[in-house]
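This report describes selected packing features of a single model. Please examine the sequence and structure shown below before reading on.

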Amino acid sequence: MSAAALRPVPRPGVLAIEAYVPGKSAAPAGVRLHKLSSNETPMGPSPAAIAAMQETAAHLELYPDGSSAKLRQAIAQKYGLDPERIVCGAGSDELLSLLTYAYMGPGDEGLYSQYGFLVYRIAILAAGGTPVVAPERDHTTDVDALLAAVTDKTRIVYLANPNNPTGTYLPFDEVRRLHAGLPKTTLLVLDAAYAEYVRRNDYAAGLELVAESENVVMTRTFSKVYGLAALRIGWMVAPAAIADAVNRIRGPFNLGAAAIAAGAAAMADDGHIAKAVAHNDAWLPKVTVALEGLGLAVTPSVGNFVLIHFPEEAGRTAAEADAYLTARGLILRRVGAYGLPNALRMTIGTQEANEAVVAALTEFVKGPSRG
């Protein structure tokens, strides 16, 4: 009898999943750590969010509101939405997975772009579906390639806009063109985790398209610009029928009381968000220009991070740059899992962190003569 016959066996697809590996968060002892591997905001959370979370500490014996009503109402008020069409989750990751479980099964296909968020593949395989990948052009989603990959088995198309890890985006007219080319029965999921950072007149996160369609969902997160990554808060807005389907399968208490309270307070603190965005507006171009000045290619980004490309030449590779930076307490993100082995992703951090990375890479690119 085989060993597999002596224990439960996962259904097909589960063991094909490569577990998601978060960005590193440790540095060698004795050096100051600057973690720039997870696109966390250097501004921290809103003081109002901290205070709201602390107020929940006296009632830890109570279950949270299973509908996250206070948080949904705060989101609805800010964006002019119907709170009944908003669903909250433990990060947008959970919502992406719930959407997949609700609308995909064995024999179905989920479609995303070449450098799309790794969670899409994980969710598709976990639901028993088949991942389908469309090639990108210049590290940017190609609408024509996506549409060419659509079949009668395509149940969901995932679009990260802006995309992680590349930082590129699609203008809203291209998003509309993508939607227009999809069957009415195919769900378009607009993953807008970095929407708050975008400063382009031709960009939109997708609220209008959700409002006027029956097959479009937009997901958002509190983990980036709002600085609440530790609490795991995400939200989505969807047509009523899709919101209903997701609510039927999500956990009854999938958000804790602290997350609900802190999220609602953070959503109302426009001033704190404005400061975070202003910091990114100032440092994103500075970092980009400085790195390009070293002869490194940088993919143009509209998010709070940059994708830095390194040559394959020995002594100049991304792996060697990563080791060099890590030894100095500068933690960037390796993106080999995305098919980008010769690149590192750098979060825009504090002034000190940004300048430290530029200084270290300046020494690194000097080559063997460096100390």
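A residue is called buried under 20% relative accessible area, exposed over 50% and partly exposed in between, with a 1.4 Å probe and protein chains only. His279 has 17% relative accessibility and therefore counts as buried. The model is predicted: local features need pLDDT of at least 70, side-chain atom pairs count only at pLDDT 80 or more, and totals for chains, interfaces and linings use all residues. Residues are numbered from 1 along each chain as its sequence is written, and side-chain values use heavy atoms, without hydrogens and water.

His279 lies in helix H10 (residues 270–292); helices (H or I, at least four residues) and strands (E, at least two) are DSSP runs numbered from the N terminus. Beyond neighbours within four places in sequence, the contacts of His279 (heavy atoms within 4.5 Å) include Pro42, Met43 and Asn354.

H10 lies across E9, E10 and E13. These strands belong to an open four-stranded sheet with antiparallel pairing and the order E9-E10-E13-E12, where pairing requires at least two DSSP bridges between two strands. E9 and E12 stand at the edges, each with a single partner strand, so one side of each has no neighbour in the sheet. Five bridges join E10 to E13, and Val306 has Met346 in E13 as its bridge partner.

The angles below run from 0 to 180 degrees between N-to-C directions, with axes fitted to C-alpha atoms, for helices over the stretch in contact.

| Elements | Angle |
|---|---|
| H10 and E10 | about 10° |
| H11 and E13 | about 35° |
| H2 and H9 | about 15° |

The axes of H2 and H9 are 8 Å apart.
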